[in-house]
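This briefing sets out selected computed features of a single protein chain. The sequence and the structure are shown first.

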Amino acid sequence: MKNLFYSVTKPALLLSIAAFTFASQAQESAADKAPLPFYKSAEFTPYWLVPNSDEAHDFHRVSDFSFTNQAGETVTNATFEDKVYVANFFFTTCPGICPKMRSSIFKVQDHFEDNEQVGIISYSIQPETDTVEVLKKYAEEHNIIDGKWHLVTGDRDDIYQLAREDYFANEDMGEYMENEDFLHTENLLLIDKNRHIRGVYNGLNKTSIQHLWNDINVLLKE
């Protein structure tokens with residue numbers, strides 16, 4: 001009787017597992033192919049454009065910039081040519097959300113460490129104190145990989161203008177104060193190979209970071 005039950009149940013069980021696996025793979029495949037939206041304002045209203053189309057070509061892009069990283073190297077848009085990258089704003093002495101943000105970004109660094117098409121840039125919002133020497137020490141203390149994850153400093157006005165006008169890091173994304181204070185945001189932004197903003201993620205949320213990983217893979221296939 002036991003053998004009869006086994007002989008009838010096992011094929012049905014295997015069939016159910018196979019059907020579930022196929023459905024899961026189909027869902028993953030569909031997700032891989034789903035395009036990501038484009039963003040062009042602080043409201044982060046999604047625009048669904050065809051990647052690499054004329055319409056997408058004329059859409060909002062991150063402007064040219066030039067800053068210096070923890071290795072004393074100049075970092076520009078050309079540094080991320082043909083790369084997908086994650087951007088955020090921080091300062092080395094931040095006692096609040098920055099350590100948690102750093103932990104989330106470190107997971108991105110670790111996950112894509114061997115993929116040369118993925119980069120990270122963190123702009124200091126206190127460049128007067130976050131000198132190259134300070135950033136270098138910070139990078140060494142937190143196992144940040146030179147060339148993979150760029151901690152950058154430079155002209156304060158240039159950083160703030162880029163933050164507000166290109167990445168839209170303003171009061172809708174976090175704390176926004178007077179010009180002599182600093183802006184603060186928990187968001188990570190995903191930029192595609194054409195300098196378009198394609199995703200915004202909460203750096204304090206594990207699920208959001210998982211979405212970031214998945215979306216990076218989507219952009220790498222565009």
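The points below move from the chain as a whole to individual elements and residues.

The structure is a predicted model. The chain has six helices and nine strands, and 42% of its 222 residues count as buried.

**Chain as a whole**

- Among the contacts in the chain with a separation of 6 or more, 68% are accounted for by residues 24 or more positions apart.
- The accessible surface of the chain comes to about 12,200 Å². Carbon and sulfur atoms hold 52% of that surface.

**Nonpolar core**

- The largest nonpolar core comprises 54 residues. Within this core, F65, Y123, Y167 and I216 touch the most other members.
- Helix α6 supplies the largest share of this core, namely seven residues.
- With neighbours within four places in sequence left aside, I216 is in contact with V84, V86, V108, F112, V118 and L190.

**Helix α4**

- Helix α4 spans residues 132-141, and L135, Y138 and A139 are buried in it. These residues cover an arc of only 100° around the axis, which puts them on the same side of α4.
- On the other side of the helix, E133, K137 and E140 are exposed.
- The cover over the buried residues of α4 includes strand β3 (84-90), helix α3 (98-111) and strand β5 (149-153).

**Salt bridges**

- The count of salt bridges comes to five.
- One of them joins the side chains of R195 and D64, at 3.0 Å from N to O. This pair links distant parts of the chain, 131 residues apart. R195 belongs to the loop between β8 (187-191) and β9 (197-202), while D64 belongs to the loop between α2 (54-57) and β1 (66-69).
- R198 lies in strand β9 and E222 lies in the segment after α6 (206-220), so the pair ties together parts that are 24 residues apart in sequence.
- E222 counts as partly exposed, at 34% relative accessibility.
- Which residues are linked in a network of salt bridges? The network consists of D192, R198 and E222.

**Cysteines**

- How many disulfides are there? The count comes to zero.
- C94 is buried, with a relative accessible area of 7%, and C98 counts as buried at 5% relative accessibility.

- E73 is placed in the loop between β1 and β2 (74-76).
- Is E73 buried, partly exposed or exposed? At 44% relative accessibility, E73 counts as partly exposed.
- When residues up to four places away in sequence are not counted, E73 touches F67 and T68.
- E73 and H150 are 77 residues apart in sequence, and their C-alpha atoms are 9.4 Å apart in space.

Notes: Residues numbered from 1 in each chain as written. Predicted model: local features only at pLDDT ≥ 70, side-chain atom pairs only at ≥ 80, totals over all residues. Heavy atoms only, no water. Buried < 20%, exposed > 50% of the residue type's maximum accessible area, 1.4 Å probe, protein only. Helix = DSSP H or I, 4+ residues; strand = E, 2+ residues; numbered from the N terminus. Arc of directions from axis to C-beta. Contact = heavy atoms within 4.5 Å. Salt bridge = Lys/Arg side-chain N within 4 Å of Asp/Glu carboxyl O. Disulfide = S-S within 2.5 Å. Core = buried A, V, L, I, M, F, W, Y, C linked by side-chain atoms within 4.5 Å. Areas by Shrake-Rupley, 256 points an atom, 1.4 Å probe, with all protein chains shown as cover.
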